[in-house]
Amino acid sequence: MEHQNHQGPQSHEDHEDHQDFQAVLQQIADDVAPLVGRGTPAAYIPALADVDPSRFGMAVADLDGKVYGVGDWQRPFSAQSITKVFTLALALARGGDSLWEHVGREPSGNPFNSLVQLEYENGIPRNPFINAGALVVTDRLQTLTGDASSELLEFLKEETGNADLAFDAVVAESESAHGDRNAALAHFMASYGNIANDVPTLLDHYFWQCAIEMSCADLALAARFLARHGLRADGSRLLTRSEAKQINAVMLTCGTYDAAGDFAYRVGLPGKSGVGGGIVAVVPGRCTLSVWSPGLDARGNSVAGVAALDRFTTLTGLSVF
């Protein structure tokens, strides 16, 4: 770890020893404090627009499930698009690689709710993290389980050990009331035969999925299977090592809307952001991180959150590069 007293780099052996995550998190909180409150909370969902923009929290979970945190790290917020990671993992675990016949793995280069690309590509979305792709994944999970949103919530409760995790009905209803674009995406893909379920049912599960409330601690714990090469909290295998690698790769290239290249450049970790101001990131084989600050930049990512993750990889040297 790179300390502020600049006493020189530690040996490789020391570096592999347990990181002093608590000290690192406190340093990060101090460093990014001027950025907290910058940006704008998501305005199209009233329940998100009203969140205090001065909030900031960050948590790290190690492979054994020990969690370190700073700021509002235990305060629940709307996970939004971060949930797409977990739905993807469940759909892959239950249905296997046939999922990739219905959704691609390439960055989109277009807004996350764009219809244009779908028409060019015959109803096959570019990746699982744009809205169209996430709808396809939720559709697959609905076919596999019969209750996609409840299946997701139960999985998250088990991985976090938090039995109180719940949907926020106000957010779900707000998403539904402003869901015309998502409905258009779903109907358009259905016209190409790429949606198997009734569109209103699919949309209902998708909106509830995005309305799960989680804290930084919850998200860091829930994502540990991606750092543990596919192993769940109880030691059972959710994904093969290869499937865990695949999800991390798609997170790196597609997980932060149109800013994935900049995020990889600055942070150097697989990550997935949500318009609630949260971001989850993975250091394979080492730990998972989550950060939350509601102020978003023009591309929908937390201003202070991205800066905090950038600082983390700089201070610790933990990156996939």
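**Reading helices, cores and rings**

Me: Which residues of α7 are buried?

Reply: Buried means under 20% relative accessible area, exposed means over 50%, and partly exposed lies in between (1.4 Å probe, protein chains only). In α7 the buried residues are Ala148, Ser149, Leu152, Leu153, Phe155, Leu156, Glu159 and Thr160. They lie on the same side of α7, because they cover an arc of only 160° around the axis. The arc is that of the directions from the helix axis to the C-beta atoms.

This is a predicted model, in which local features need pLDDT of at least 70 and side-chain atom pairs count only at pLDDT 80 or more, while totals for chains, interfaces and linings use all residues. Residues are numbered from 1 along each chain as its sequence is written, and side-chain values use heavy atoms, leaving out hydrogens and water.

Me: Which residues of α9 are buried, and what covers them?

Reply: Asn182, Ala183, Leu185, Ala186 and Met189 are the buried residues of α9. Their arc around the axis is only 160°, which puts them on the same side of α9. Asp180 and Ser191, on the other side, are exposed. Contact means heavy atoms within 4.5 Å. The cover over the buried residues of α9 includes α5 (116-120), α6 (131-145) and α10 (199-210). After α9 comes Gly193, with a positive phi near 75°.

Me: Is His178 buried or partly exposed?

Reply: His178 counts as partly exposed because its relative accessibility is 46%. The residue sits in the loop between α8 (169-177) and α9. Apart from neighbours within four places in sequence, His178 is in contact with Tyr44 and Pro46.

Me: Which residues touch the most other members in the largest nonpolar core?

Reply: In soluble globular proteins, nonpolar side chains tend to be buried together. A nonpolar core is a set of buried Ala, Val, Leu, Ile, Met, Phe, Trp, Tyr and Cys residues joined through side-chain atoms within 4.5 Å. The largest has 60 residues, of which Phe86, Leu156 and Ile247 touch the most other members. Helix α4 (residues 83-95) gives the most to this core, with 7 residues. Not counting residues up to four places away in sequence, Leu156 touches Phe86, Leu165, Ile212, Met214 and Ala222. Another core, of 28 residues, lies apart from it, and among its members are Val24, Met58, Val60 and Leu315.

Me: How many aromatic pairs does the structure hold?

Reply: A pair of aromatic rings is described by the distance of the centres and the angle of the planes. Rings of Phe, Tyr and Trp (its six-membered ring) pair if their centres lie within 6.5 Å; planes under 30 degrees apart count as stacked, over 60 as edge-to-face and the rest as tilted. The structure holds 8 aromatic pairs. The rings of Tyr206 and Phe207 have centres 6.0 Å apart and planes at 55°, so this pair is tilted. Both Tyr206 and Phe207 are buried. Phe21, Tyr68 and Phe312 are linked into a cluster by ring pairs.

Technical notes: Helix = DSSP H or I, 4+ residues; strand = E, 2+ residues; numbered from the N terminus.
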